[in-house]
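Please look through the notes below with the structure open beside them.

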Amino acid sequence: MTLKFAKDTRAVRKFGGYRSFIEKVADIYDNVDERPDWEAPQGDIEALVNHSNWLVRCPNPDCSEVTMVDQGELYWCPNCGSADNDFAPRTVIFPSHIKTITTLLAKRPRQNRNWEPGETLAQLKRENKERGL
Ligand SMILES: [Zn+2]
């Protein structure tokens, strides 16, 4: 897998899956008592790629947590408990052109595999071309 999802990490496998991993991280941080109700998501948030990893940046202005995410899984911040979202998990939105984005980023060195929501395929292609990729 060129771009890494949370499920591709040793930590998520070790803790028995994404949701138990996120709750374990929240236990370790010990910043909030709330835990997510995975059956009651509210709102959504866009995923991005940074250094080859699919991530969500916590939108809470009082938090700077960055969390790896999976397709078909919800996002909940283990640092602030998604306090800005009534402590509820959010649906993660992945780009519709995920296969092409993956193919374009695969040509780059790992640290240059970055994509932000709104960045077009044409932009990625141009950046690759400028670098001779
Ligand atoms: Zn947060």
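1. In this predicted model, helix α2 buries four named residues: Tyr18, Phe21, Ile22 and Ala26. They lie on the same side of α2, because the arc they cover around the axis is only 140°. Part of what covers them is α1 (10-14).

2. What does the other face of α2 carry, the one turned away from its buried side? Ser20, Asp27 and Ile28 are there, and they are exposed.

3. The 12 residues of α2 reach 16 Å from first C-alpha to last, close to the 16 Å expected at 1.5 Å a residue. Just after α2 comes Asp30, with a positive phi of about 60°.

4. The largest nonpolar core has 26 residues, and Val69, Tyr75 and Val92 touch the most other members. Two or more residues each come from α2 (18-29), β2 (48-50), β3 (53-57), β5 (74-75) and α3 (98-106). With 4 residues, α2 gives the largest share. In soluble globular proteins, nonpolar side chains tend to be buried together.

5. Which residues does Val69 touch, leaving out those up to four places away in sequence? They are Ala6, Ala47, Trp54, Leu55, Val56, Tyr75 and Val92.

6. Strand β6 (residues 90-93) runs parallel to β1 (residues 44-46), joined to it by 3 bridges. Glu46 has Ile93 in β6 as its bridge partner. The pairing of β5 with β6 is antiparallel, over 2 bridges. Here Tyr75, already listed in the core, has Arg90 of β6 as its bridge partner.

Methods
Residues numbered from 1 in each chain as written. Predicted model: local features only at pLDDT ≥ 70, side-chain atom pairs only at ≥ 80, totals over all residues. Core = buried A, V, L, I, M, F, W, Y, C linked by C-beta atoms within 7 Å. Buried ≥ 20, exposed ≤ 12 C-beta atoms within 10 Å, placed from the backbone. Contact = placed C-beta atoms within 7 Å. Pairing = 2+ DSSP bridges. Expected span 1.5 Å × (residues − 1). Arc of directions from axis to C-beta.
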